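Hello,

Please find the structure below, with the sequence. Notes on what was found in it follow.

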Amino acid sequence: MAEERSKAVDNNSSVAVSETCLTAVQEVYKEKLERMKRTLDELRSSQKVVETAVEECKVDMEWQSHLEQLVKRMDLLPAYIAKSQDIAKDMKGLRLRMDRAKSR
């Protein structure tokens with residue numbers, strides 16, 4: 001019985017020592033763990049900022065594409081204006097001919 005009590009005391013002592021060691025280790029690494037948690041939070045926050053910036057860049061690229069298409073169409077505008085002026089001249093000529101034909 002004395003031997004069993006000795007083993008129980010040894011077990012209790014080793015548990016107490018383990019808990020003390022664990023507490024000491026936790027105290028040593030607590031600061032580092034907290035710093036790592038803060039760093040992780042900062043990284044998550046930065047990730048959100050980067051994701052938002054990427055989305056904004058995608059929108060900007062879309063607008064850039066639309067603007068480039070618009071510029072291409074604007075380059076064609078003088079040709080369209082010239083064509084419409086030619087059509088207007090032809091229409092004017094046709095009207096004059098119709099008016100002359102009516103007068104006869």
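E55 and K58 are three residues apart in helix α1, so about one helical turn separates them. Their side chains meet in a salt bridge, at 3.8 Å from N to O; the term means a side-chain nitrogen of Lys or Arg within 4 Å of a carboxyl oxygen of Asp or Glu. The structure holds one salt bridge. E55 counts as partly exposed because its relative accessibility is 46%, and K58 counts as partly exposed at 47%. (Buried is under 20% relative accessible area, exposed is over 50%, and partly exposed is in between, with a 1.4 Å probe and protein chains only.)

This is a predicted model: local features need pLDDT of at least 70, side-chain atom pairs count only at pLDDT 80 or more, and totals for chains, interfaces and linings use all residues. Residues are numbered from 1 along each chain as its sequence is written, and side-chain values use heavy atoms, with hydrogens and water left out.

The protein chain has one helix and zero strands; these are DSSP runs numbered from the N terminus, helices being H or I of at least four residues and strands E of at least two. Of its 104 residues, 0% count as buried.

L76, L77, Y80 and I81 form a nonpolar surface patch with about 400 Å² of accessible area together. Patch residues have over 30% relative accessible area and no salt bridge; nonpolar side chains (Val, Leu, Ile, Met, Phe, Trp, Tyr) are joined within 5 Å, like charges within 9 Å. Areas come from the Shrake-Rupley method with a 1.4 Å probe; for residues, only the protein chains shown count as cover. Y80 lies in helix α1, residues 2-103, and counts as exposed because its relative accessibility is 54%.

Regards
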